[in-house]
Amino acid sequence: MSSSKSKPSKKPTLKSQIESLEVSVKDEKDKFLRLFAEFENYKKRTSKERIELFKTASQELMTSLLPIMDDFDRGLTEIKKVKDKELLKGMQLINDKFKNTLTQKGLTEIEVNKGDVFDAEIHEAITQIPAPSDKLKGKVIDAVEKGYKLGDKIIRYPKVVIGQS
């Protein structure tokens, strides 16, 4: 009779081992899913950081090139006064190529015209002068320095003179 007692005792042990293994598999599966989710979040975060780094690096380069663009514009203005058409044509080609390259990289000029409504979100007022007419009060009278955007972000605000109200 002792042999019949030992057989029933082995079955519960086998069943409890299976249950224990199932619990263990479930725990390992849960750990795997959590680790996988953490890894996916890590990939997304590093990808986003990498994109931000490229944008920042591009912004620094673009910002350092803006004074060169200003110098080009001033140089072209002076060359136009000399009336040397060939020199002007050559400098204009170089200037256009330079600006087109920067435009392809996402740089755009912020357009400012005389009479535009002054907007502190877009413009930087450097001074106010008495408005030459009532319709220019609180509006842009002159743009002293061009402003630029890189993608959707303003990297240099246009410096403007506004009419006093």
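Mentor: F32 and F36 sit 4 residues apart in helix α1, so about one helical turn separates them. The model is a predicted one. The ring centres of F32 and F36 are 6.2 Å apart and the planes meet at 25°; because planes under 30 degrees apart count as stacked, this pair is stacked. F32 is exposed, at 52% relative accessibility, whereas F36 is partly exposed at 45%. The count of aromatic pairs is 3.

D30 is partly exposed, with a relative accessible area of 36%, and R34 is exposed at 55%.

Further along, α1 also carries D70. This residue counts as buried because its relative accessibility is 10%, and the cut-off for buried is under 20%. Leaving out residues up to four places away in sequence, D70 touches E145 and R156. With R156 there is a polar contact between side chains, at 2.9 Å.

E145 leads on to another pairing, a salt bridge with K159 at 3.0 Å from N to O. E145 belongs to strand β3 and K159 to strand β6 (residues 159–164), so this bridge ties together parts 14 residues apart in sequence. E145 is partly exposed at 24%, and K159 is partly exposed at 24%. Through shared partners, salt bridges join D70, E124, E145, R156 and K159 into one network. Over the whole structure, 13 salt bridges are found.

Another of these bridges links E109 and K146, at 3.8 Å from N to O. E109 is in strand β1 (residues 107–110) and K146 in the loop between β3 and β4, so the pair connects parts 37 residues apart in sequence. Both side chains belong to partly exposed residues, E109 at 46% and K146 at 30%.

Now the packing. The largest nonpolar core has 11 residues, among them M62, L66, M69, F98, L107 and Y148. Two or more residues each come from α1 (2–82), α2 (85–104) and β4 (147–150), and α1 gives the largest share, 5 residues. M69, setting aside neighbours within four places in sequence, contacts F98, K99, L102, L107 and Y148. A second, separate core has 5 residues, including I110, V112, V140 and V160.

Terms used. Residues numbered from 1 in each chain as written. Predicted model: local features only at pLDDT ≥ 70, side-chain atom pairs only at ≥ 80, totals over all residues. Heavy atoms only, no water. Core = buried A, V, L, I, M, F, W, Y, C linked by side-chain atoms within 4.5 Å. Buried < 20%, exposed > 50% of the residue type's maximum accessible area, 1.4 Å probe, protein only. Contact = heavy atoms within 4.5 Å. Phe/Tyr/Trp six-rings, centres within 6.5 Å; stacked < 30°, edge-to-face > 60°. Polar contact = N/O pair within 3.5 Å; in protein donor to acceptor, adjacent residues only side chain to side chain. Salt bridge = Lys/Arg side-chain N within 4 Å of Asp/Glu carboxyl O.
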